Structure formats: C-alpha cells, structure tokens
Amino acid sequence: MRIVLNIWRQKNATVPGGFKTYETPDLNPNMSFLEMLDTVNEDITKRGDEPIAFDHDCREGICGMCSCVINGEPHGPEYKVATCQTYMRSFQDGDTITVGTAI
C-alpha cells in the first residue's frame, strides 16, 4: 500500500513551520504507524534530507510517548490505542494522512 503524508515540519520553536508532503514507498499494511515513519525516514535520509523527528520510546503501547496527532486525532484513529500500536491496515491504500504533534 502507498500513503501520502502531510507532515508538520519545524526546525525549532523560533522558526516558522509548515506541512510538507511525502509519498511513501510501498508499505506492508501490518506495519505499525511508527514503523511506517521509520521507512519514510530511510527514504528521506537517502535523499540527503532531514528525517522526521518523533517520539518512539517503548513501541509496545505502554509509555504513551508517541505524541502524534493523526488526522486530527491524538495517537490516531483507533480508540484508546497508542500510535505505536496503530497499524497501517487502519488506513486505505492511497489515503492522505495529516500528521502533527500534540505539543
């Protein structure tokens, strides 16, 4: 599956930020949202660009550090599910997903 991502990018608090669009490489629908971001970061760094920064401490749905806001929903579309336990099968092939932070 392939997804289009609108990711909030901001170098630091003193520099204005904005959304940047990325098209993902082919994704496995069984990968987690954070694994998808890792895959996108690999593609971004191969092009020499700055990778997407995101919290990803335990990746087991325990710590709550994954502070992503996915399509306006904290942690994503599933009720009471952390971002690291949100799987790409929650989305449709070709979807556009907007990602920001809760901070």
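Is threonine 86 buried or exposed? Threonine 86 is buried, with a relative accessible area of 0%. The close-ups below, all taken from a predicted model, start with this residue and move on to its surroundings.

**View 1. Threonine 86 and what it touches.** You'll find threonine 86 in the loop between strand E4 (73-74) and E5. Leaving aside residues up to four places away in sequence, threonine 86 touches Met31, Ser32, Phe33, His75, Pro77, Val81 and Phe91. Look also for alanine 82: its backbone oxygen lies 3.1 Å from a polar atom of the threonine 86 side chain.

**View 2. Glutamine 85, partly exposed.** Glutamine 85 sits in the loop between E4 and E5 as well. Its relative accessible area comes out at 29%, so glutamine 85 counts as partly exposed, a class that runs between 20% and 50%.

**View 3. The largest nonpolar core, with 24 residues.** Leu5, Phe33, Met36, Leu37, Met88 and Ile97 are the ones with the most contacts inside this core. H1 gives the largest share, 6 residues.

**View 4. Methionine 88 and its contacts.** Here's one of the core residues with the most contacts inside the core, Met88. Not counting residues up to four places away in sequence, methionine 88 touches Met1, Ile3, Leu27, Asn28, Pro29, Met31, Ser32, Phe33, Met36 and Ile97.

How values were computed
Residues numbered from 1 in each chain as written. Predicted model: local features only at pLDDT ≥ 70, side-chain atom pairs only at ≥ 80, totals over all residues. Heavy atoms only, no water. Core = buried A, V, L, I, M, F, W, Y, C linked by side-chain atoms within 4.5 Å. Buried < 20%, exposed > 50% of the residue type's maximum accessible area, 1.4 Å probe, protein only. Helix = DSSP H or I, 4+ residues; strand = E, 2+ residues; numbered from the N terminus. Contact = heavy atoms within 4.5 Å. Polar contact = N/O pair within 3.5 Å; in protein donor to acceptor, adjacent residues only side chain to side chain.
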